[in-house]
Amino acid sequence: GRGYGFAEFYVCQYEYFHYLELCRVLKKNAIGLKSRYMGFSEIGSCIVFNTYNCRASSRGIVTAQQEGYVTATLEKAWRQMDYCNTETNNGFKKLRQKLNSSMSRRASVLTGNDETGWMSEITGIVADKPNKIRGDRTDILIMEEFGSWPNSKKAFIQAEALCSGNGDKFGIILGWGTGGDSGSALAGLGDIFLHPVANNVLPFRHNYTASGDYVVTGFFIPSYKMVSKFKDNRGWCDPTKGREHYEKERQIRAIDPNGLMIYCAEYCFTPEEALAMEGENQFNKALLSEQLTQIKIHHVVSPYGEIDNGVLDYERGTNKVKFIRDQLGKAHILEHPKSDESGNAYRNLYVGGIDSIDIGMSETSINTDGPSQFCIVIKKRAFGMEPPTYVAFYKDRPNNINEAYKQALCLLQYYN
């Protein structure tokens, strides 16, 4: 069996604690989406017990739509409570003479009919229906396994009443879900996660996306940042090795499309993978999984061969354009320009198409969700026996709009 001892600690959890502290100070709610086995329930029990132990007259609530989820988190908090009562030379001991049950405990002393003392409290609520989240105000409201809640969006909005009143917000909500949950319940979590500002959730900026582009969502931790065998003594996990570990697992499971889809959602790299099973997904997940499997089994590659990633710039002191290779560059060359006998790109062999934008990210409102991107594509006309084909593209919303214009101008000049 498993032993009981001090928990492993990871740098990404440290980041999460900072996120939660900002939530507490700024009076913003916290929504997290994560891979399986990230220790969030243990963290939740620590937070609610820390509030109980260190803040007099505070109130923490642990709630979920199934009793097992509630009691599992409460039991972790009760173990910490018992430890502090017996192993701290009375430094953190708190009597519980009035309220002391498996679902609710309060630190207090009874003197006759009078209840006095520290008066902090932890309560569990089984909310199989959203309207069961009722009661007195609370400082910390933990919504366990939020991705499994029916009517999760409604439950989250109604829970605000316990943390605020008369225009004053005095408590925060902590909710998180795990990739691999499915149906409309996960869709509710997904909607709050993808629209943090609209739901009074502290936004989290990251590039854990399939394209590597930065997005603003709720808090997210990919699976490859918590792999025990690649963790050093500081709690830092090498993300490259962690990713390779899960990629090997994915290759093994590639022969089972639906199983692979579930596994990728459970041990997700991106929010898109974590939300792959949500009820509002309009794509045929089975067909997409089958296609992904075929790509992995047959090692399907781009018909263009190796794609050059980089940026285009002018050679110093000239008006000639050069291509600079950079794996993080946003200009993608599928085929470099064909040259005539003079070494210049054939004139009018290529045509460009542009979908433009008028401002960059630095001028875009933080309330704008998923702003559109500047895009230019270069297409080669029929050349000899070769059919028309795309040869280059650039797609980005840079901080400064001039960068997008420059890359477009360089591409047009590069292909003459």
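Is Cys268 buried or exposed in this predicted model? Cys268 is buried, at 0% relative accessibility, where buried denotes under 20% relative accessible area, exposed over 50%, and partly exposed the range in between (1.4 Å probe, protein chains only). The model is predicted, and local features were taken only at pLDDT of at least 70 and side-chain atom pairs only at pLDDT 80 or more, whereas totals for chains, interfaces and linings use all residues. Residues are numbered from 1 along each chain as its sequence is written, and side-chain values use heavy atoms, with hydrogens and water left out.

The secondary structure of the chain consists of 10 helices and 19 strands, defined as DSSP runs (helices H or I, at least four residues; strands E, at least two) numbered from the N terminus. Of the 416 residues, 44% count as buried. Among contacts (heavy atoms within 4.5 Å) between residues at least 6 apart in sequence, 63% join residues at least 24 apart.

Helix α10 spans residues 401–414. Its 14 residues reach 20 Å from the first C-alpha to the last, close to the 20 Å expected at 1.5 Å a residue; the expected span is 1.5 Å times one less than the number of residues. At the N-terminal end, Asn400 caps α10, with a side-chain oxygen 2.9 Å from the backbone nitrogen of Asn402. The buried residues of α10 are Ile401, Ala404, Gln407, Ala408, Cys410, Leu411 and Tyr414. An α-helix has 3.6 residues a turn, so residues three or four places apart point the same way. The cover over the buried residues of α10 includes strands β14 (308–314), β15 (321–325), β16 (331–333), β17 (350–355), β18 (374–380) and β19 (389–396).

Asn416, which follows α10, has a positive phi near 55 degrees. Most residues other than glycine have a negative phi. Positive values also occur in Lys27, at about 60 degrees, and in Asn200, near 55 degrees. Lys27 lies in the loop between α1 (11–26) and β1 (30–34) and is partly exposed, at 33% relative accessibility. Asn200 is placed in the loop between α5 (184–194) and β11 (204–206) and is likewise partly exposed, at 23%.

With a disulfide defined as a pair of cysteine sulfur atoms within 2.5 Å, the count comes to zero. The sulfur of Cys268 is 9.5 Å from the closest cysteine sulfur, in Cys264, and is therefore too far for a bond. For Cys12, which is buried with a relative accessible area of 3%, the closest cysteine sulfur is in Cys237, at 7.6 Å, also too far for a bond.

Definitions and conventions:
A polar contact is a pair of N or O atoms within 3.5 Å; within protein, one must be able to donate a hydrogen and the other to accept it, and residues adjacent in sequence count only if both atoms are side-chain atoms.
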